[in-house]
Amino acid sequence: HAIYSCDELQLGEWLRFVGVDYALRKAGSMSDSGGSAGKNSEKRPDMGITTSGANYGASVAKVLNGSAAHKAGISAGDVLIAINSVRVDNGSFEKVLNRYQPGDIISVHGFRRDELMLFNVTLAEPTLDTCYLTIIDEETVKRWLQPA
């Protein structure tokens, strides 16, 4: 069923069966890949993108469907160069973005190939998309991991 359908996987239920708790939380930063409970930080804005380095600006590596960036027209491959007229690169992009709050509307300049683009982005709150696991029953986990 999991292979041939689009239904959500019951990961929480399956992992609890083997002594592991599965939880989702908001990412603490654009580079947060999960693995721990993290810390509850103040509200940070989210555009729903990941970036990588470029010769100038921040190259958009991935845009999540339905995210703030997607709704504003930003696409993977765009090179973002300014947020509200402040120059950004991959190293400063998140720092400049964190000056704003969810709900704020920002102007983002970027290049799509050789064309200068202007995107008006309404920032969102991060979604519960970052996973961490916790062992809740060590004996069950040990039995599960031991070879037969």
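Helices (H or I, at least four residues) and strands (E, at least two) are DSSP runs, numbered from the N terminus. By this definition E94 is found in helix α3. The structure is a predicted model, in which local features need pLDDT of at least 70 and side-chain atom pairs count only at pLDDT 80 or more, while totals for chains, interfaces and linings use all residues. Residues are numbered from 1 along each chain as its sequence is written, and side-chain values use heavy atoms, with hydrogens and water left out.

The protein chain contains 4 helices and 8 strands. Their order along the sequence is α-β-β-β-α-β-β-α-β-β-β-α. The C-alpha trace spans about 60 × 35 × 30 Å along its principal axes. The radius of gyration, taken over C-alpha atoms, is 19 Å for the protein chain, whereas a compact globule of 148 residues would have a value near 15 Å. The globule rule used here is 2.2 Å times the number of residues to the power 0.38.

The accessible surface of the protein chain is about 9800 Å², and carbon and sulfur atoms account for 51% of this surface. Such areas come from the Shrake-Rupley method with a 1.4 Å probe; for residues, only the protein chains shown count as cover. A residue is called buried under 20% relative accessible area, exposed over 50%, and partly exposed in between (1.4 Å probe, protein chains only). Of the 148 residues in the protein chain, 31% are buried. Contact means heavy atoms within 4.5 Å. Among contacts between residues at least 6 apart in sequence, 54% join residues at least 24 apart.

A nonpolar core is a set of buried Ala, Val, Leu, Ile, Met, Phe, Trp, Tyr and Cys residues joined through side-chain atoms within 4.5 Å. The largest such core has 20 residues, and those with the most contacts inside it are M47, I74, I83, F93, I106 and V121. Two or more residues of this core come from each of β3 (58–63), α2 (68–72), β4 (79–83), α3 (93–97), β6 (105–112) and β7 (115–122). For I106, leaving aside neighbours within four places in sequence, the residues in contact are M47, I83, N84, L97, Y100, F119, N120, V121 and L123.

Two strands pair if DSSP finds at least two bridges between them. Strand β2 (residues 49–53) pairs with β3 in the antiparallel sense over 5 bridges. S52 has S59 in β3 as its bridge partner. The hairpin of β2 and β3 has 4 residues between the strands, and G57 in this hairpin takes a positive phi near 75 degrees. β3 also pairs with β4 in the antiparallel sense, over 2 bridges. Here A58 stands opposite L80 in β4.

Rings of Phe, Tyr and Trp (its six-membered ring) pair if their centres lie within 6.5 Å; planes under 30 degrees apart count as stacked, over 60 as edge-to-face and the rest as tilted. By this rule there is 1 aromatic pair. The ring centres of Y56 and F111 are 6.1 Å apart and the planes stand at 90 degrees, so the pair is edge-to-face. Because Y56 lies in the loop between β2 and β3 and F111 in strand β6, the pair ties together parts that are 55 residues apart in sequence. Y56 is partly exposed at 42% relative accessibility, and F111 is partly exposed with a relative accessible area of 24%.

Most residues other than glycine have a negative phi. N84 is not a glycine but has a positive phi of about 45 degrees. N84 is found in the loop between β4 and β5 (86–87) and is partly exposed, with a relative accessible area of 28%. R113, also not a glycine, has a positive phi near 55 degrees. R113 is found in the loop between β6 and β7 and is exposed at 70% relative accessibility.

E94 and T51 are 43 residues apart in sequence, with a C-alpha to C-alpha distance of 9.5 Å. Not counting residues up to four places away in sequence, E94 touches S29, M30 and R44. Y132, found in strand β8 (residues 128–135), is buried, with a relative accessible area of 18%. The C-alpha atoms of Y132 and R25 are separated by 7.9 Å, although these residues are 107 residues apart along the chain. With residues up to four places away in sequence not counted, Y132 touches D21, Y22, A23, R25, G35, S36 and A37.
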